[in-house]
Amino acid sequence: MSRRFLQLALISAIAYGFALETGSNYRKIHFDAFVVDTHNDVVQRMMAGEDISVRTQHGHSDLPRFREGGLDVEMFSIWVPPEKTALPYYDQADDQIDTVKSFIQRNKSQVGLALTSADVVKLVNTGKFVAMLGMEGGHPIANSLKNLERFYRRGVRYMTLTWNNSTDWATSAKDETDSNANLQHKGLTNFGKQVVRRMNALGMMVDVSHVGEQTFWDVMKVSKKPVIASHSSAWTLCHHRRNLKDTQLDAIKDNGGVVFVNFAPQFIDSTFTAKEKIMRDRNKARIDSFSAAFRVNDDFLRDQAIAEFLKNEYRPIRPKLKILIDHFDYIAKRIGVDHVGIGSDFDGIAVTPRDMDDVTFLPNITRELLKRGYSEEDVRKILGGNFLRVLQEVEKK
Ligand SMILES: [Zn+2]
């Protein structure tokens, strides 16, 4: 055996040993760690009548699968689709909160609602799955600070100031970049600033995902507490208006906030949208006939159903897991491991990256971060430690 061959053999034996080490360890590290996801839209499926107490055959999450993914805390998104106008936003949001609370009540031996960081710790220590509430889009407060306080009392612990549609007091990324938006104002109005100040005073996290850049910078000036981006990724890696530019990431670091990475293919992979269009054009007839037969008049659920229907077509164009991990890595390297976490958007996105089919695949994030050389301590921060820190900061009086 030549000396060089011996060296190579030794190196590969060490590498193999390392692979075995991380291979057997990553699941233990993941399941021992405190794991949090700050954005999931499964409430929309619950509102359509699905019972997520039991394993479901589609979508990305349900109670058994949350547990299989090693998740400890899920922030359930209270989101009112703009196309539904039968009931005011306030009432629809209230109904969604009732639905989540009744799910918790029906499963109270396994699930608890957390209102504070102390609740989170207590519930996790008793082995319960922790549900928290986040509101996506400030429309349900109907321009009233009293309503904001009502939602806080009902348990809402973050509010994304806008969705794709602006509120009367904050402009969204979509409207700020859409030349047809005809904006009356741009950024936060005076009332919008009052909303942010009241959220700070209440101890409700201000969420800057979905907001336009002007709104973002106005928030950073007004907020006295750390902010979160509950489900956004890095603009430098994928130029999508829902992502955060480097200067925004830097500002979140300075503010002590956390960016929770969104898994949506169109936000993480700059080549995805074009590939998807080609694939969908090729399947137009199938999609049209499927849509026509789809009885539920709901864009959100219909898009999910179409993605499921086209599963085999989507398979080759779904981004590799590496592309998702690149966003965690980019943000951690730019602003530090203390400022990044998981904001999957499961059940709010129609398609997911490869090897991240649903919430049960979350341990793959731990595996990949360890493989990239992140220490166990750093991985624990990303998985959930950073969330707990930011929640504690925000609830301080
Ligand atoms: Zn969203």
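The buried residues of helix H6 pack against strand E4 (129-136), strand E5 (156-160) and helix H8 (190-202); helices (H or I, at least four residues) and strands (E, at least two) are DSSP runs numbered from the N terminus. This is a predicted model, in which local features need pLDDT of at least 70 and side-chain atom pairs count only at pLDDT 80 or more, while totals for chains, interfaces and linings use all residues. Residues are numbered from 1 along each chain as its sequence is written.

H6 spans residues 145-153, and its buried members are Leu148, Phe151 and Tyr152. A residue is buried if 20 or more other C-beta atoms, placed from the backbone, lie within 10 Å of its own, exposed if 12 or fewer, and partly exposed in between. Viewed down the helix axis, these buried residues fall within an arc of 105°, so they line one face of H6; the arc is that of the directions from the axis to the C-beta atoms. On the face turned away from the buried side sit the exposed Lys146 and Arg153. Just after H6 comes Gly155, with a positive phi of about 115°.

Ala142 lies in the loop between E4 and H6 and is partly exposed, with 16 other C-beta atoms within 10 Å. Asp345, in the loop between strand E9 (340-342) and helix H17 (363-371), counts as buried, with 26 C-beta neighbours inside 10 Å.

Notes. Two residues are in contact if their C-beta atoms, placed from the backbone, lie within 7 Å.
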